[in-house]
There are 2 protein chains.
Amino acid sequence: MIAICEVGPRDGLQNEKDVLPPATRAELVNRLAAAGLPRVEAASFVSAERVPQMAGAEEVVEGIERRDGTLYAGLALNEKGYDRLRAAGLDEVRFAVAATESFSMRNANASVEEAVGAATRVLARAREDGVRSTATISVAFGCPFEGPVEPANVVELAEQLAAADEIVLADTIGVATPKQVRALVERIEKPVGAHLHNTRNTGFANAYAALEGGATILDSSIGGLGGCPFAPRATGNIATEDLVYMLEGDGVGTGVDLEGLIAISEWLESLLGRPLEGQVYRAGIFPAA
Amino acid sequence: MIAICEVGPRDGLQNEKDVLPPATRAELVNRLAAAGLPRVEAASFVSAERVPQMAGAEEVVEGIERRDGTLYAGLALNEKGYDRLRAAGLDEVRFAVAATESFSMRNANASVEEAVGAATRVLARAREDGVRSTATISVAFGCPFEGPVEPANVVELAEQLAAADEIVLADTIGVATPKQVRALVERIEKPVGAHLHNTRNTGFANAYAALEGGATILDSSIGGLGGCPFAPRATGNIATEDLVYMLEGDGVGTGVDLEGLIAISEWLESLLGRPLEGQVYRAGIFPAA
């Protein structure tokens, strides 16, 4: 059994042109949880000025109808963000630290060392508060400013973040290939996850390879929502329904209702007024029910 | 080293709405060969009435500027098609036999037994003529009319087609998942290849798994040209440039010039007036040259 963490309401919508109101984002979270997704990244507690798509995180959380068995997570990049997340009452904090200095400065306005320091403080507080924690290592395979990333640096960073309940390796700009993903996952202490973008069509092969390497958590985004700010014509996260199709076909249990996911992508397509990147919702399940 | 067989000029264009004239298709073949692709499926010797996109196969072949090291292939579905292919002087005949009766009747107007009989005659003649041969087993993983296909049936069919120089397992409608592909590839006598569609976003994971299973030939289509007649909103073959990106990133040599492929997809995009499904040509090579 693999734990899929649905990141559409956060990483997906954050990279969409359209800004959806908090009530709609809460409805999306509720629909995703109802489809059986074990984890949903519901909101981002960052500056609304910097990321207008994520404004009103508290309102999103208020709109959630809590479902037994679903873990509701949020993103924080500093203690202030964690305070808001904690006040809102989410179950899990996801804290991102970049693997390169350039990306860390541009994304979080902090050096990697400063980001690790902030993560350490937040992870300690989360442990005290009984809040689950995930440390995501961004640009773990490649950086738009610095190019390929040395795997040893990522391994070292993961060790510095070992206070987290789990480490997630993020291919933020979608440049990794499967053997690279498998090799890095194998070097990280478990439990480990992978956050994959399909920017260059390697995302699903990378997910397969991550499982071979021992990953037990996979991030994905309903419909493949989202894009890549560093490649404007490119696509975003791997699509949740396509991931579920692949895993179930391979006999890997997900506990997720694929038809329920497809209905959500159809709803999102009408909401956003454009076809999404997900393919199973367009091509149909095989064999048909 | 993996042998990529480029099927864009045949399987790709055959499923496009636009009909490109033979001279343009010959130019496409020449550009693909110049990018270093070891094999190009250049033409289809089927009825122009049934498949107008493939009309003028002889003209296409006449327009080819032969390049050392490139193997030029064509599709035939019967002896008449083989006669034309042989007269045109191609290096390889690719003969397709469906794994199910329903698909065989609809696609070739013949039972599977009749198709195997025709294949056997063509394969014998090809051997005599010194023409290379590939037997492709269509709908080897799933059929739009009959659903999932029993792997044992495909194994048996492959044995009946053992006179071919190689067997290619085709996921014609893009329903397979990686473990299924790997398991079936492992059961077929080598050399074996895989022909994969990305209809449900499993195509590249399937390619990765096919290599794990021992495949040494992979079909792909420049830009992901083509579609799926059984799922009108769905995409077609795996894109050659994305496959090369993935393989080279994994350290699997292809001998193909990725920048050359990207230039061809850009040319095709302007020719067809729409973005293609390939993603690397939109997102860019990483790391940038």
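## Interface between chains B and A

In this predicted model, 43 residues of chain B are in contact with 43 residues of chain A, where contact means heavy atoms within 4.5 Å. The area buried between the two chains is about 3500 Å², and carbon and sulfur atoms give 55% of that area. Buried area is the accessible area (1.4 Å probe) that two parts lose on being put together, summed over both. The count of residue pairs in polar contact between chain B and chain A is 22, both residues being at pLDDT 80 or more. A polar contact is a pair of N or O atoms within 3.5 Å; within protein, one must be able to donate a hydrogen and the other to accept it, and residues adjacent in sequence count only if both atoms are side-chain atoms. The count of salt bridges between chain B and chain A is zero; a salt bridge is a side-chain nitrogen of Lys or Arg within 4 Å of a carboxyl oxygen of Asp or Glu.

On the side of chain B that touches chain A, the elements giving two or more residues are β6 (142-143), β7 (147-148), α8 (178-187), α9 (203-212), α10 (240-249) and α12 (280-283) of chain B. Helices (H or I, at least four residues) and strands (E, at least two) are DSSP runs, numbered from the N terminus. Helix α9(B) provides the largest share of this side, five residues. By residue class, the side divides into 21 nonpolar, 12 polar and 10 charged residues. In this scheme Ala, Val, Leu, Ile, Met, Phe, Trp, Tyr, Cys and Pro count as nonpolar, Asp, Glu, Lys and Arg as charged, and the others, Gly among them, as polar.

## Symmetry

Chain B is superposed on chain A by a rotation of 180 degrees with 0.0 Å of shift along its axis (RMSD 0.0 Å). That is the relation of a two-fold axis. The superposition is by least squares on the C-alpha atoms of residues with pLDDT of at least 70 in both copies. Of the residues of chain B, Ala205(B) comes closest to the rotation axis, at 1.8 Å (C-alpha). The copies meet through the same surface, because 100% of the interface residues of chain B are also interface residues in chain A.

## Salt bridges

Over all chains, the structure holds 40 salt bridges. In one of them, the side chains of Asp83(A) and Arg125(A) meet at 2.8 Å, N to O. Asp83(A) lies in helix α4 (residues 79-88) and Arg125(A) in helix α6 (residues 112-129) of chain A, so the pair ties together parts that are 42 residues apart in sequence. Asp83(A) is partly exposed at 37% relative accessibility, and Arg125(A) is partly exposed at 28%. Here buried means under 20% relative accessible area, exposed over 50%, and partly exposed in between (1.4 Å probe, protein chains only).

In chain B, Glu27(B) forms a salt bridge with Arg31(B), the closest N and O atoms being 2.8 Å apart. These residues are four apart in helix α2 (residues 22-34) of chain B, so about one helical turn separates Glu27(B) and Arg31(B).

The side chains of Asp165(A) and Arg127(A) meet in a salt bridge at 3.5 Å, N to O. Asp165(A) is in the loop between α7 (151-160) and β8 of chain A and Arg127(A) is in helix α6 of chain A, 38 residues apart, and the pair links distant parts of the chain. Arg127(A) is exposed, with a relative accessible area of 55%.

Arg127(B) is found in helix α6 (residues 112-129) of chain B and is exposed at 56% relative accessibility. Not counting residues up to four places away in sequence, Arg127(B) touches Ala163(B) and Asp165(B). The side chain of Arg127(B) reaches the backbone oxygen of Ala163(B) at 3.0 Å.

## Backbone features

Most residues other than glycine have a negative phi, and most peptide bonds are trans. Val139(A) has a positive phi, near 40 degrees, lies in the loop between β5 (132-138) and β6 (142-143) of chain A, and is buried at 0% relative accessibility. Among the residues that Ala170(A) touches is Val139(A).

The peptide bond from Phe286(A) to Pro287(A) is cis, with omega near -10 degrees; Pro287(A) lies in the segment after α12 (280-283) of chain A. A cis peptide bond also joins Lys190(B) and Pro191(B), with omega about 0 degrees, and Pro191(B) is in the loop between α8 and β9 (192-196) of chain B.

## Conventions

Residues are numbered from 1 along each chain as its sequence is written, and chains are lettered from A and ligands numbered from 1 in the order in which they are written. In this predicted model local features need pLDDT of at least 70, side-chain atom pairs count only at pLDDT 80 or more, and totals for chains, interfaces and linings use all residues, while side-chain values use heavy atoms, with hydrogens and water left out.
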